[in-house]
Amino acid sequence: MSTRELLRTNPVAARRFSIFLVFICTVLGAAAQILMKIGTQSAQHDGALQLLLAIFHTPTLFAGYALYGLSTLVLVVALKYGELSILYPVIALTYVWVTALSVFIYGESLNPLKLAGLGTVVVGVALLGKATRR
């Protein structure tokens with residue numbers, strides 16, 4: 001039995017596979033955002049048009065957009081096998097990864113309100129995950 005057949009005939013496997021793919025999307029999306037920030041800081045630009053053109057001349061900026069594109073493709077596959085109402089909120093985990101990377105890469109600070117917001121996102125995604133099992 002091929003993977004495609006398994007996903008069509010086994011709803012539990014399809015659901016887990018789609019959630020796994022969306023989790024991968026969150027990691028790719030976070031990496032993309034960090035690369036875009038790095039790229040915009042190194043690109044010389046004075047306006048929107050010059051920044052748009054910088055995408056093609058700044059490797060980190062281009063890589064960030066390429067990862068965003070890859071993330072979108074992975075999301076399309078995930079949506080084929082899962083429920084939109086469950087999968088889309090999982091994308092909110094991207095906020096958690098971007099914040100963590102911002103702390104480690106840029107030395108940005110975390111305060112209690114930021115931590116509470118991130119905790120709310122994580123708890124919300126966990127509750128959605130529990131809701132799918134019922």
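Hi everyone, and thanks for coming. One thing to keep in mind from the start: what we are looking at is a predicted model.

Let's begin with the whole protein. How many helices and strands does the secondary structure come to? There are 7 helices and 0 strands, and the pattern along the sequence reads α-α-α-α-α-α-α. If you draw a box around the C-alpha atoms along the principal axes, that box is roughly 55 × 40 × 20 Å. Of the 134 residues in the protein, 27% are buried. The accessible surface comes to about 8800 Å², and carbon and sulfur atoms account for 68% of that surface.

Two more overall values, and then we'll go inside. Take the contacts between residues at least 6 apart in sequence: 71% of them join residues at least 24 apart. As for charges, the protein has 10 positive and 4 negative ones, and their mean positions are 13 Å apart.

Now please find helix H4, which covers residues 59-81. Its 23 residues reach 34 Å from the first C-alpha to the last, close to the 33 Å expected at 1.5 Å a residue. Which residues of H4 are buried? They are Leu 61, Gly 64, Ser 71, Val 74, Leu 75, Ala 78 and Tyr 81.

Ser 71 has a relative accessible area of 10%, so it counts as buried, the cut-off being under 20%. Ala 66, at 41% relative accessibility, counts as partly exposed, because that value falls between 20% and 50%. What does Ser 71 touch, once we leave aside its neighbours within four places in sequence? Its contacts are Cys 25, Leu 28 and Gly 29. For Ala 66, here is a distance instead: its C-alpha lies 19 Å from that of Ala 48, and the two are 18 residues apart in sequence.

On to the nonpolar cores. The largest one has 13 residues, and those with the most contacts inside it are Val 22, Val 74, Ala 78, Val 90 and Leu 93. Which elements give two or more residues to this core? They are helix H2 (11-42), H4, helix H5 (84-90), H6 and H7. H2 provides the largest share, with 4 residues. Apart from this core lies another, of 6 residues, including Ala 32, Met 36, Ile 55 and Leu 61.

Not counting residues up to four places away in sequence, Ala 78 touches Ser 18, Leu 21, Val 22 and Leu 87.

Next comes helix H5, where we find Pro 89. Is Pro 89 buried, exposed or in between? With 28% relative accessibility, Pro 89 counts as partly exposed. Beyond its neighbours within four places in sequence, Pro 89 is in contact with Leu 84, Val 125 and Leu 128. Pro 89 and Thr 120 are 31 residues apart in sequence, and their C-alpha atoms are 12 Å apart in space.

The buried residues of H6 are Leu 93, Thr 94, Val 96, Val 98 and Ser 102. Ser 102 has a relative accessible area of 9%, which means it falls under the 20% cut-off for buried. Setting aside neighbours within four places in sequence, Ser 102 is in contact with Ile 34, Gly 107 and Glu 108. Gly 107 follows H6, and its phi is positive, near 70°.

Last stop: Pro 112, which has its place in helix H7 (residues 112-132). Here the relative accessible area is 66%, so Pro 112 is exposed, the cut-off being over 50%.

To look back for a moment: we went from a fold of 7 helices and 0 strands, through a largest nonpolar core of 13 residues, to an exposed Pro 112 in H7.

How values were computed. Residues are numbered from 1 along each chain as its sequence is written. This is a predicted model: local features need pLDDT of at least 70, side-chain atom pairs count only at pLDDT 80 or more; totals for chains, interfaces and linings use all residues. Side-chain values use heavy atoms; hydrogens and water are left out. Buried means under 20% relative accessible area, exposed over 50%, partly exposed in between (1.4 Å probe, protein chains only). Contact means heavy atoms within 4.5 Å. Accessible areas come from the Shrake-Rupley method with a 1.4 Å probe; for residues, only the protein chains shown count as cover. Lys and Arg count as positive and Asp and Glu as negative; His and the chain ends are not counted. The place of a charge is taken as NZ of Lys, CZ of Arg, CG of Asp or CD of Glu. The expected span of a helix is 1.5 Å times one less than its number of residues. A nonpolar core is a set of buried Ala, Val, Leu, Ile, Met, Phe, Trp, Tyr and Cys residues joined through side-chain atoms within 4.5 Å.
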